[in-house]
Amino acid sequence: MKKIPLFYMFSLMTILLLALTSGAAAAKVSYEYGELVVIYQNAGKLKSSTTVYFFYGDGKEIRAHQSENDPRGLESRRAAFKEFIESYSQRKYTPEDPSIIAVLNTLGNDGWEMIQFSGTQASCTGSLPPQSTYLFKRQR
């Protein structure tokens, strides 16, 4: 009968132990998911509005809405993004011109990782407003 050297036996046991512990650690990882929805709407020549929703966890929701007499909708978007960031982070937001990137960075700083994006443009009939949807996950 041939003897197995101690080094090979130790290596085999180490690999087996690592395989068992890494599988157990991977099974315990769980995620929570969130959905950020941004809707831009023009209601007439001058009126525009922006609505931002973030749904996550057990029915938790943060919502911001801003309407302005703004033909391009830029000011209503900035105001809605600022309001959303302030309500999400529960602190005053200092930059004057927030954008969707500032919203995404705020969520990213809190551990959210974007996993999918979809955007719809306004239809030719004008019945659906442009909408952007971002799906997020973060480790619990």
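What percentage of the 140 residues in the protein chain do buried residues make up? In this predicted model, in which local features need pLDDT of at least 70, side-chain atom pairs count only at pLDDT 80 or more, and totals for chains, interfaces and linings use all residues, the share of buried residues is 29%, where buried means under 20% relative accessible area, exposed over 50% and partly exposed in between, with a 1.4 Å probe and protein chains only. Residues are numbered from 1 along each chain as its sequence is written, and side-chain values use heavy atoms, with hydrogens and water left out. The accessible surface of the protein chain, computed by the Shrake-Rupley method with a 1.4 Å probe and, for residues, with only the protein chains shown as cover, comes to about 10,000 Å², and 57% of this surface belongs to carbon and sulfur atoms.

The secondary structure comprises three helices and five strands, taken as DSSP runs (helices H or I, at least four residues; strands E, at least two) and numbered from the N terminus. From the N terminus on, these elements follow the order α-β-β-β-α-α-β-β. With contact defined as heavy atoms within 4.5 Å, residues 24 or more positions apart account for 43% of the contacts in the protein chain that have a separation of 6 or more.

The five strands form an open sheet in the order β3-β2-β1-β5-β4, with antiparallel pairing, two strands being paired if DSSP finds at least two bridges between them. Its edge strands, each pairing on one side only, are β3 (60–69) and β4 (113–120), and neighbouring strands of the sheet are turned by 10° against each other on average, direction ignored; axes are lines fitted to C-alpha atoms, for helices over the stretch in contact, and angles run from 0 to 180 degrees between N-to-C directions. Strands β1 and β5 run antiparallel and are joined by nine bridges, and E35 stands opposite L135 in β5.

At 1.5 Å a residue, the 16 residues of α2 should span 22 Å, which agrees with the 22 Å between its end C-alpha atoms; the expected span is 1.5 Å times one less than the number of residues. The buried residues of α2, namely S76, A80, F81, F84, I85, E86 and Y88, pack against β1, β2, β3, α3 and β5, and just after this helix Q90 takes a positive phi of about 55°. In α3 (residues 100–109), the buried residues are I100, A102, V103, L104, T106 and L107, and these pack against β1 (31–42), β2 (47–56), α2 (74–89) and β5 (131–139). Just after α3, a positive phi of about 100° is found at G111.

A nonpolar core is a set of buried Ala, Val, Leu, Ile, Met, Phe, Trp, Tyr and Cys residues joined through side-chain atoms within 4.5 Å. The largest such core holds 21 residues, of which L36, F54 and F84 touch the most other members, and β1, β2, β3, α2, α3 and β5 each supply at least two of its residues. Leaving aside neighbours within four places in sequence, F84 is in contact with L36, V52, F54, I62, A64 and V103.

In the loop between β3 and α2 lies D70, which counts as buried because its relative accessibility is 10%. Apart from neighbours within four places in sequence, D70 is in contact with L46, K47, S48, E75 and S76.
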